[in-house]
Amino acid sequence: KPSTPSHQRQAINAKPLTRSPKGFKQVAHKYPMLSLSNSYSREEIADWISKLPEDVEIVCELKYDGLSISLWYEDGVLTKALTRGDGVKGDNVIENIRTIASIPQHLPIANSQSPITNTFLELRGEVLLPWAAFERLNKEREEQEETLFANPRNAAAGTLKLQNPATVAARGLDAYLYYMLGDNLPTDNHYENLQRAREWGFKVSDTMRVLHNLDEIKAFIDYWDVERRNLPVATDGIVLKVASIEQQEELGYTAKSPRWAIAYKFQAEKALTKLVSVDFQVGRTGAVTPVANL
């Protein structure tokens, strides 16, 4: 069975266990957690595709607006959950991750149609706060005269760093899986590996598609640039990945990102608002601060 590409297998030379300033233990990633190159036009996507093998299949996925998490399963048991951190090491937030219902605590080792056969498996995903949970949380904070979160991503990031798992559980975090690593992967195909993870109980987006040319990719982008507004979670783009793990290995990495994947970012949404009035607040020192009511 296929293994993790050789360029991902090298262990990172970092202190294995330290304490982060916020009280979480820091652990070195087994595989670097690199960022994706961003593109903002279809011309940049076309340029990226032109550098790929002719027979390539592209997996298109929604880019969820949350924060990345690395889930370590050893002998089928969830043992660590690391944030991206600096890409070399991250905080182990395992107790908070255990509160997310869509993340299995155990994987099927036997007596299953698709059992795992390797002793170590890393599953990467995006932790996020659905719109409904975000709005409920901000309403509660408003009633308690606390500062509101600017967006679901900030709320999810702040929640995942809390020291009280009970508070984390009450906020309703969710997670979508987007990649699999290990020494004995189920298949040599990224899309098929995620379908296997779905069978194990992970939440994998059903919007994923395997596409074969630029026209299909453009149609996918155009559709979701509009339809994403109807989704229960925030998204900010599309991620394109080469489906074949073997081709991923051949394409390799730059110093900062994989050559076999790229992110297309949606343009920031713009809207008009009305200035209703302006209040002037006088502080203790006599300073006057104008406050716009929109």
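Modeller: Let's begin with helix H2 (residues 42–50) and helix H8 (residues 214–227), which pack at an angle of about 145° with their axes 11 Å apart. Helices here are DSSP runs of H or I with at least four residues, strands are runs of E with at least two, and both are numbered from the N terminus. The axes are lines fitted to C-alpha atoms, for helices over the stretch in contact, and angles run from 0 to 180 degrees between N-to-C directions. This is a predicted model, where local features need pLDDT of at least 70, side-chain atom pairs count only at pLDDT 80 or more, and totals for chains, interfaces and linings use all residues. Residues are numbered from 1 along each chain as its sequence is written, and side-chain values use heavy atoms, with hydrogens and water left out.

Biologist: Which residues of H2 and H8 make the contact?

Modeller: From H2 they are Arg-42, Ile-45, Ala-46 and Ile-49, and from H8 they are Leu-214, Ile-217, Lys-218, Ile-221 and Asp-222. Contact means heavy atoms within 4.5 Å.

Biologist: What makes Ile-221 count as buried?

Modeller: Its relative accessible area is 1%, and buried means under 20%, exposed over 50%, partly exposed in between (1.4 Å probe, protein chains only). So Ile-221 is buried. Leaving out residues up to four places away in sequence, Ile-221 touches Arg-42, Ile-238, Tyr-264 and Phe-266.

Biologist: And why is Ala-170 called exposed?

Modeller: Ala-170 has 58% relative accessibility, so it counts as exposed. Ala-170 lies in helix H6 (residues 165–171).

Biologist: Back to H2: which of its residues are buried?

Modeller: Ile-45, Trp-48 and Ile-49 are.

Biologist: How do you know that the buried residues of H2 line one face of the helix?

Modeller: Looking down the axis of H2, they fall within an arc of 100°, so they line one face. That arc is the one spanned by the directions from the helix axis to the C-beta atoms. Glu-43 and Ser-50, on the other side of H2, are exposed.

Biologist: What covers the buried residues of H2?

Modeller: The cover includes strand S3 (38–39), strand S4 (58–64), H8, strand S11 (235–242) and strand S12 (261–265).

Biologist: Zooming out, how much of the protein chain is buried?

Modeller: Buried residues make up 46% of the 294 residues. The chain's secondary structure comes to nine helices and 14 strands.
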